[in-house]
Amino acid sequence: MRGVVLSMLLFVWCSVLFAQKPDSWSTIKKNEVTSQVEPNTYYLIEGDLALIRKENPDLEVWRILDKDHHIVSGILDSPSNHAWTADDRWKLNLARDESNLFKIVTRPGTNLNLPDELRVIRTFPDRNTIIVEGDRSKVIDALLPKPEVVHITNRALTPSVESRVIDLNLNPNRVNKVHHFFPVLNGSTETVSIQENRFNEDDIDLLNRTVASGLESETIDNHATEMATVIAGRGNSFVTGRGVAQSAKITSSSFDDVMPDSDASYTDLSILTQNHSYGITDDTSHYGVEARAFDLSAVNNPNLLHVFSSGNGGAGVANGGNYHGITGYANLTGNIKMSKNSLVVGSVDTLGNVPGFVSRGPTYDGRIKPEVVSYSVVGSSNSAALTSGVATLLQQQYRIDNSSDMPSALVKALLINSAEDVGAAGPDFFTGFGNLNAWRSLQALQGMQYFNGLVTNGNTTSFILAGIPADAVNLKVTLVWTDPPANVDDFEALVNDLDLRLVSGGATTTLPWVLDTNPDADDLSKPATRGVDNLNNVEQVTIANPETSYTIEVEGSMVTGSQDFYLAWQYDIADSFEWDFPTGSDNMPYNGETGSYFRWSTAKSGIGELAYTIDDTNWIVLDSEVDVERGYWRWNSPPSIGDEVRARMQIGGEFFETDLFTVSEPLKARVGFNCGDSLMLRWHPAINADDYTVFNLGEEQLEEITTVMDTFLVIDNISSLADRRFSIRPNLSGGKSLLPTPTFDYSLQGVGCYLFSFFQTIALDTGIYLNLSLGTIAGIDEIILERNNLYEYVEIARLSELSETISYLDKSPNQGYNEHRATIRFINGEELTLSAGTSFYLTEIPVRVFPNPAQSGEFISIITRQFEERTPVLELIDHNGALIHSQLVQGTQDVIGTEALRSGIYIYRLKADGVIYTGRILIR
């Protein structure tokens with residue numbers, strides 16, 4: 001019976017794995033295995049993999065087909081297993097298209113000799129992978145039989161970026177708090193890589209911090225620029241252009257091949273974080289060549305963290321794998337996100353809700369992805385970039401403390417362990433282990449709330465977590481390890497299985513949270529339960545009301561060799577309350593728009609009263625019934641007071657006050673004049689501002705050039721400026737600053753030497769208005785307005801009572817052509833003459849036609865006055881009295897084409913308001 005079942009199983013696989021039919025497979029006799037099997041021959045073996053590995057330590061496993069069947073090579077030392085010779089087709093994973101590009105995975109340390117008909121396009125020696133171009137049949141015939149080849153695929157992967165709008169708000173994930181209390185943490189010692197198209201190195205927020213990699217794409221893309229800004233924007237443009245690690249260096253790497261860069265490039269460029277805000281929407285859900293390559297990259301570079309966006313396919317259907325066809329789950333965009341050692345990041349809005357477009361887990365084999373989420377309402381790309389920035393700050397802090405690079409497994413452990421649980425209680429396939437909290441992650445790192453250990457197969461490594469306060473709540477412990485890469489298309493990706501448990505002094509054992517991985521939407525949505533985790537290389541235990549001491553045990557359930565790991569831990573204190581936003585460096589609203597959220601962290605419950613004060617004496621109540629456990633409250637319409645403010649939360653008889661923060665709107669500025677060698681900048685006065693600091697853009701950042709008490713600044717020597725871009729910041733007497741102007745380029749404001757605009761407007765039966773708009777009237781004595789009366793300009797007005805906007809009516813313009821000019825006379829005796837352009841004005845004469853005579857082939861212009869009946873009809877009549885042309889006159893000016901008219905005299909006839917106007921036209 002057992003043989004029949006096995007034969008049926010093999011029959012299912014035969015079309016893709018084996019050339020021989022089931023009835024022709026020969027069982028290798030147990031007494032032949034140890035003496036006759038060739039090391040380079042592949043076999044299908046049946047049995048428990050852990051037992052097989054234990055009994056056959058030299059056996060190499062090349063594919064895990066399911067829990068009981070595996071492709072192996074090498075000497076079988078144990079007689080307790082059954083093996084069958086395997087045809088080489090198990091190596092194939094080919095799409096049905098006609099692509100002639102193939103990714104070939106080989107055994108480590110082997111060289112692949114290619115026939116002349118095949119050409120190597122690119123090699124990835126660190127990943128045992130090459131890209132080959134050639135005929136499909138030739139690739140199969142020539143490469144499939146080679147024992148050094150273990151996988152061949154021609155699946156074309158086309159990466160695409162996953163959001164197009166920058167959406168930068170650092171407050172929901174507490175980055176603002178890190179910036180306030182630890183301004184030295186700015187990423188200045190770190191280099192972050194962005195793998196996608198090239199970012200704009202000349203962007204105002206990224207100036208002069210680019211590190212050339214030699215791997216850059218030739219395509220510059222706004223999406224890459226936005227990701228670079230979220231990660232490391234300097235904030236030169238405005239507060240919304242300030243990223244997480246605003247002084248970090250940035251480098252770029254093309255994502256065309258959807259593979260990690262070489263180990264040498266990461267080392268040479270000192271890269272510890274690489275951001276991947278892209279997806280592959282047509283990729284199937286499996287552990288592909290690329291997923292394996294990124295896991296191998298993490299193993300070879302233990303301090304390198306790959307951060308991926310989860311994707312924007314949340315409403316989509318799972319594509320391939322165990323969850324194929326299930327809507328709303330397992331729709332991570334690309335097999336790259338099936339990698340174990342990367343950090344996959346999803347999105348939540350400012351209240352912790354998952355937008356419908358955000359991709360969800362699980363992975364193809366049921367693992368928890370994304371591991372964390374962070375703020376963005378436009379795309380998971382921004383969430384990944386924000387998380388990459390936070391990782392960079394942690395890496396800088398670790399470098400300060402240890403003078404060495406931070407292990408990526410520790411970065412993951414701290415980010416995951418400090419995340420705030422959102423959505424369903426415990427981990428879930430929508431939000432992973434929670435919403436990123438940069439402040440808690442940093443506090444855990446600085447407090448050394450982590451352990452590092454090593455475990456071997458069948459053994460347990462233990463740590464004592466003692467001194468937990470009696471009033472502690474919400475103990476959380478997270479285990480993370482960098483797992484060896486699995487084989488391409490393995491049934492499950494986990495290689496080394498570690499098990500976490502917490503044992504209390506009373507010998508109570510608490511296991512980690514696990515999720516139901518059954519391929520059914522209802523099961524996947526079930527809340528987490530406690531159990532042994534045999535799938536993930538991230539495990540987490542939480543205890544709501546902990547005891548004062550625990551033993552943390554990490555067992556090597558199934559480990560080849562030894563496995564390094566990290567543990568992170570934290571707990572809260574009952575009845576604690578701590579403000580997160582605003583800090584003393586923040587403004588409300590954070591970007592000067594309509595509203596921002598107060599945010600706090602607390603273990604309290606109940607109702608609180610939120611109020612604010614301007615004078616530290618009189619408190620204005622915003623809400624007397626705040627749900628304290630929610631942790632946020634939206635101030636929809638902060639007053640435009642431009643001042644320092646303090647807020648407080650009253651809970652029972654306790655008061656919790658914020659630092660002084662500012663409430664203001666962005667300052668508005670404009671150019672007064674731009675006169676070649678001199679420049680005037682002007683701005684609106686800010687309420688309560690004591691003075692104003694003027695900044696000019698330098699090589700990397702805005703640099704102070706002066707501070708003035710006036711609301712304007714005249715710069716006499718423009719050539720001395722470092723750049724054409726400026727920002728002005730109002731300052732309060734107490735030392736704080738209000739929101740500045742967005743940085744602007746003075747040469748693009750449309751203001752020349754005093755002039756913003758000068759133009760004519762025709763008023764029917766009234767005249768022509770001369771509209772003059774000036775940047776400033778400072779230094780002007782008078783303005784003279786003139787009209788060109790064909791032979792000379794004549795003065796029509798002399799203005800000495802001036803304003804920056806002038807509208808003067810010329811009541812007696814010429815009938816027909818009009819040209820006006822203005823002469824600005826300055827107090828110092830200089831003059832500036834400006835032209836308003838030309839227009840045609842007709843009130844006494846109904847119509848003018850010119851040129852007349854006209855050359856055959858040129859256009860004749862028709863100028864009419866304003867008629868009540870619109871539109872007039874113009875007709876042409878030849879010398880025989882025949883109507884040869886008729887058209888509607890569009891507006892007060894139109895043209896007639898003369899290409900079809902012979903030389904001679906024509907009569908034109910204009911019909912309007914029940915009247916006919918006639919005249920003659922001579923065509924030469």
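Is Asp-810 buried or exposed? I looked this up before anything else. Asp-810 counts as buried, at 3% relative accessibility. I use buried for under 20% relative accessible area, exposed for over 50%, and partly exposed for in between, with a 1.4 Å probe and protein chains only.

**Ground rules.** I am working on a predicted model, in which local features need pLDDT of at least 70 and side-chain atom pairs count only at pLDDT 80 or more, while totals for chains, interfaces and linings use all residues. Residues are numbered from 1 along each chain as its sequence is written, and side-chain values use heavy atoms, with hydrogens and water left out.

**Entry: Asp-810.** I placed Asp-810 in strand S49, residues 805–810. Helices (H or I, at least four residues) and strands (E, at least two) are DSSP runs, numbered from the N terminus. A polar atom of the Asp-810 side chain lies 3.2 Å from the backbone nitrogen of Ser-812. I then listed contacts, meaning heavy atoms within 4.5 Å. With neighbours within four places in sequence left aside, Asp-810 is in contact with Thr-766, Gly-767, Ile-768, Arg-787, Ile-796 and His-820.

**Entry: whole chain.** I counted twelve helices and 58 strands. The radius of gyration is 37 Å, well over the 29 Å that the globule rule gives for 924 residues, so the chain is more spread out than a compact globule. That radius is taken over C-alpha atoms, and the rule is 2.2 Å times the number of residues to the power 0.38. Along the principal axes, the C-alpha atoms fill a box of roughly 115 × 85 × 50 Å. Of the 924 residues, 55% count as buried. Among contacts with a separation of 6 or more, 71% come from residues 24 or more positions apart.

**Entry: the parallel sheet.** I traced an open sheet of seven strands, ordered S12-S13-S11-S14-S16-S17-S18, with parallel pairing. Its edge strands are S12 (210–211) and S18 (372–375), each of which pairs on one side only. Two strands pair if DSSP finds at least two bridges between them. S11 (residues 191–195) and S13 (residues 249–253) pair in the parallel sense over five bridges.

**Entry: nonpolar cores.** A nonpolar core here is a set of buried Ala, Val, Leu, Ile, Met, Phe, Trp, Tyr and Cys residues joined through side-chain atoms within 4.5 Å. The largest has 64 residues, and those with the most contacts inside it are Leu-386, Val-390, Met-406 and Leu-415. Helix H9 (residues 380–402) gives the most to this core, with eight residues. A second, separate core of 24 residues includes Tyr-754, Leu-799, Ile-806 and Tyr-841.

I followed Met-406 further. Beyond its neighbours within four places in sequence, Met-406 is in contact with Leu-272, Asn-303, Leu-394, Gln-395, Tyr-398, Val-411, Leu-414 and Leu-445.

How many residues of helix H10 are buried? Ten of the ten residues of H10 (residues 408–417) are buried, so the helix is largely enclosed by the rest of the structure. Among the buried residues of H10 are Ser-408, Lys-412 and Asn-417.

**Entry: salt bridges.** I found 40 in the structure. The criterion is a side-chain nitrogen of Lys or Arg within 4 Å of a carboxyl oxygen of Asp or Glu.

- Arg-119 and Glu-133 meet at 2.4 Å, N to O. This pair links distant parts of the chain, with Arg-119 in strand S7 (residues 119–124) and Glu-133 in strand S8 (residues 129–133), 14 residues apart. Arg-119 is partly exposed at 49% relative accessibility, and Glu-133 is partly exposed at 22%.
- Arg-501 and Glu-553 meet at 2.6 Å, N to O. Arg-501 lies in strand S22 (residues 497–504) and Glu-553 in strand S27 (residues 550–558), so the pair ties together parts 52 residues apart in sequence. Glu-553 is buried, with a relative accessible area of 19%.
- Asp-745 and Arg-724 have their closest N and O atoms 3.3 Å apart. Asp-745 is in strand S44 (residues 744–745), and Arg-724 is in the loop between strand S42 (712–715) and strand S43 (725–731), 21 residues apart. Asp-745 is buried at 12%, whereas Arg-724 is partly exposed at 45%.
- Arg-174, Lys-177, Glu-420, Glu-578 and Asp-580 are linked in a network of salt bridges.

Methods: Polar contact = N/O pair within 3.5 Å; in protein donor to acceptor, adjacent residues only side chain to side chain.
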